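Open the model in your viewer and keep a selection panel at hand. The stops below are meant to be taken in order.

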Amino acid sequence: MPEALPAHPAGRLAVGRMSITILSENKIFRTCLARCLQTMTHDFEVSCHDGAQAWLSGGEEPADGIVLLCATGQKATETAIRHDLNEVLHNVGGARVIVISDEESPAHMMEALTMGARGFVTMDTDLDVTLGAIRLVSVGGTFIPASGLMSARAAQVAAAAAPAPKTGGFSQRQLEVLELARLGDPNKIIAFKLSMSEATVKVHLRNMMRKLKARNRTELIFKSNELLGIG
């Protein structure tokens with residue numbers, strides 16, 4: 001059952017208006033946020049619940065619309081993004097989820113969007129901005145703090161400027177075989193670890209030895225270290 005909240009001064013909203021469902025294990029936080037949103041806007045029906053599991057298993061059909069999935073701390077935020085978000089999206093087809101967290105990591109922001117969230121709001125965000133994010137998501141948009149966008153852009157620029165890893169002309173699969181051979185794994189173990197046949201492992205090793213003109217496995221490793229710049 002949703003927690004009882006005082007009726008909005010304008011009365012209950014007309015049937016069909018989009019809802020805001022606040023999911024947070026912190027009762028003071030979810031109640032205060034719900035009352036603030038009720039005071040600020042007449043456009044949404046606001047309810048709150050003690051987390052995603054309590055909402056989904058409450059016996060009533062969960063309302064779609066905007067879902068504010070709230071978490072405090074790194075572990076709780078990761079759980080919200082990697083577990084609760086999926087549960088909400090799987091069980092409530094029309095849900096548009098915004099993660100609200102005290103974590104400001106751009107990695108968490110981008111992971112949330114990748115996992116299907118429509119927005120990420122940090123807990124130091126102004127309430128007016130938060131409501132703006134909700135309105136944006138309600139009409140099909142996506143919201144992420146400017147700091148997250150700038151950090152993501154900086155990471156893209158850095159990645160583009162970074163030198164490409166040396167491959168020596170070997171394929172990715174050959175490099176995987178070579179790395180395990182460098183660790184001393186016999187062909188049978190390499191085959192098991194890489195889910196390939198032992199004969200395929202031998203073919204990869206033979207082709208690499210031919211490319212580097214190596215006479216044996218030891219010489220292959222020595223020459224490949226030089227080629228790949230491995231000390």
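The model is predicted, so local features need pLDDT of at least 70 and side-chain atom pairs count only at pLDDT 80 or more, while totals for chains, interfaces and linings use all residues. Residues are numbered from 1 along each chain as its sequence is written, and side-chain values use heavy atoms, with hydrogens and water left out.

**Stop 1: H7 and H8**

Helices (H or I, at least four residues) and strands (E, at least two) are DSSP runs, numbered from the N terminus. Axes are lines fitted to C-alpha atoms, for helices over the stretch in contact, and angles run from 0 to 180 degrees between N-to-C directions. Show side chains for Arg173, Glu176, Val177, Leu180 and Ala181 of H7 and for Ile190, Lys193 and Leu194 of H8, which make the contact (heavy atoms within 4.5 Å). By class, these residues are five nonpolar, no polar and three charged. Ala, Val, Leu, Ile, Met, Phe, Trp, Tyr, Cys and Pro count as nonpolar, Asp, Glu, Lys and Arg as charged, and the others, Gly among them, as polar.

**Stop 2: H8 and H9**

Asn187, Lys188, Ile190 and Ala191 in H8 meet Glu198, Val201, Lys202 and Leu205 in H9. Four of the residues in this contact are nonpolar, one is polar and three are charged.

**Stop 3: H9 and H10**

Now select 198–212 for H9 and 217–228 for H10, which pack at about 60 degrees with their axes 10 Å apart. H9 and H10 are therefore oblique to each other. On the H9 side, look for Leu205, Met208, Met209 and Leu212; on the H10 side, for Arg217, Leu220, Lys223, Ser224 and Leu227. This contact has six nonpolar, one polar and two charged residues.

**Stop 4: a lined pocket**

Which residues lie nearest the centre of the second largest pocket? Select Glu25, Cys70, Ala71, Ala76 and Asp84, out of 17 lining residues. Helix H2 (51–56), strand S3 (65–71) and helix H3 (74–91) each give two or more residues to the lining. The lining has eight nonpolar, six polar and three charged residues. On a 1 Å grid over the protein atoms alone, where a 1.4 Å probe fits, a pocket is an open set of points with protein on both sides within 12 Å along at least five of seven lines, and lining residues have an atom within 4 Å of a point.

Definitions and conventions: Parallel < 35°, antiparallel > 145°, perpendicular 65-115°, else oblique.
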